[in-house]
Amino acid sequence: MSQEVEREDGASKGRYRIVVDGHEAEMTYSRAGQIIIDHTDVPAALRGRKIGEQLVRQAVEDARREGITIIPLCPFAKAQIERHAEWQDVLRK
């Protein structure tokens, strides 16, 4: 089940969010020439539904489209990117 990921992008900070059944999951980031993912929060009611993975996937797709890299400071985002070999191209080395 794939929900639509919304992106709220400010000058230096932003977030990705998904709302499912009235529950909001989000992943926040900073921008400094790349996307620096600093926090992911998925409420208990949404866990086990790959919602967090969808948030990270959207950031990966956006980074590719924008030609920038991702620095995953958030342990969850870092683990997701490490788990998906096909996402390694956007990881800041």
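A nonpolar core, as the word is used here, is a set of buried Ala, Val, Leu, Ile, Met, Phe, Trp, Tyr and Cys residues joined through side-chain atoms within 4.5 Å. In this structure, which is a predicted model, the largest such core has 25 residues, and those with the most contacts inside it are Tyr16, Ile35, Ile37 and Ile70. Strand 2, strand 3, strand 4, helix 1 and helix 2 are the elements that give two or more residues to this core, and the largest share, 6 residues, comes from helix 1.

Just after the helix, Gly67 takes a positive phi of about 70 degrees.

Val56, which is found in helix 1, counts as buried because its relative accessible area is 0%, where buried means under 20%. Leaving aside neighbours within four places in sequence, Val56 is in contact with Met27, Phe76, Ala77, Gln80, Ile81 and Trp87. Val56 and Glu26 are 30 residues apart in sequence, and their C-alpha atoms are 10.0 Å apart in space. Val60 also has its place in helix 1 and is buried, with a relative accessible area of 1%; apart from neighbours within four places in sequence, Val60 is in contact with Ile70, Trp87 and Val90. From Val60 to Glu24 there are 36 residues in sequence and 20 Å in space, C-alpha to C-alpha.

The buried residues of helix 2 are Ala77, Gln80 and Ile81, and, seen down the axis of the helix, they fall within an arc of 95 degrees, so they line one face. On the other side of helix 2, Pro75 and Arg83 are exposed. The buried residues of helix 2 pack against strand 4, helix 1 and strand 5.

Thr40 lies in strand 4 and counts as buried because its relative accessibility is 15%, under the 20% limit. Not counting residues up to four places away in sequence, Thr40 touches Glu26, Met27, Leu55, Cys74, Phe76 and Ala77. Ile37, one of the residues with the most contacts inside the core, is in contact with Met27, Thr28, Tyr29, Ala59, Ile70, Ile71, Pro72, Leu73, Cys74 and Ala77, again leaving aside neighbours within four places in sequence.

Which kind of aromatic pair do Tyr16 and Tyr29 form? A search of the whole structure finds 1 aromatic pair, and Tyr16 and Tyr29 form it in a tilted arrangement, with 5.3 Å from centre to centre and 40 degrees between the planes. The pair links distant parts of the chain, with Tyr16 in strand 2 and Tyr29 in strand 3, 13 residues apart. Tyr16 counts as buried because its relative accessibility is 0%, and Tyr29 is likewise buried, with a relative accessible area of 1%.

Two loop residues complete the picture of the backbone. Asp21, in the loop between strand 2 and strand 3, has a phi near 50 degrees, a positive value in a residue other than glycine, and it counts as exposed at 64% relative accessibility. Lys50, in the loop between strand 4 and helix 1, has a positive phi of about 60 degrees although it is not a glycine, and at 56% relative accessibility Lys50 counts as exposed.

In an unreviewed entry, UniProt lists residues 8-92 for "domain: N-acetyltransferase". In the model, the end C-alpha atoms of this span lie 22 Å apart, and the span is 29% helix and 34% strand.

Notes
Residues numbered from 1 in each chain as written. Predicted model: local features only at pLDDT ≥ 70, side-chain atom pairs only at ≥ 80, totals over all residues. Heavy atoms only, no water. Helix = DSSP H or I, 4+ residues; strand = E, 2+ residues; numbered from the N terminus. Phe/Tyr/Trp six-rings, centres within 6.5 Å; stacked < 30°, edge-to-face > 60°. Buried < 20%, exposed > 50% of the residue type's maximum accessible area, 1.4 Å probe, protein only. UniProt positions renumbered as here; feature names shortened; annotations may be inferred. Contact = heavy atoms within 4.5 Å. Arc of directions from axis to C-beta.
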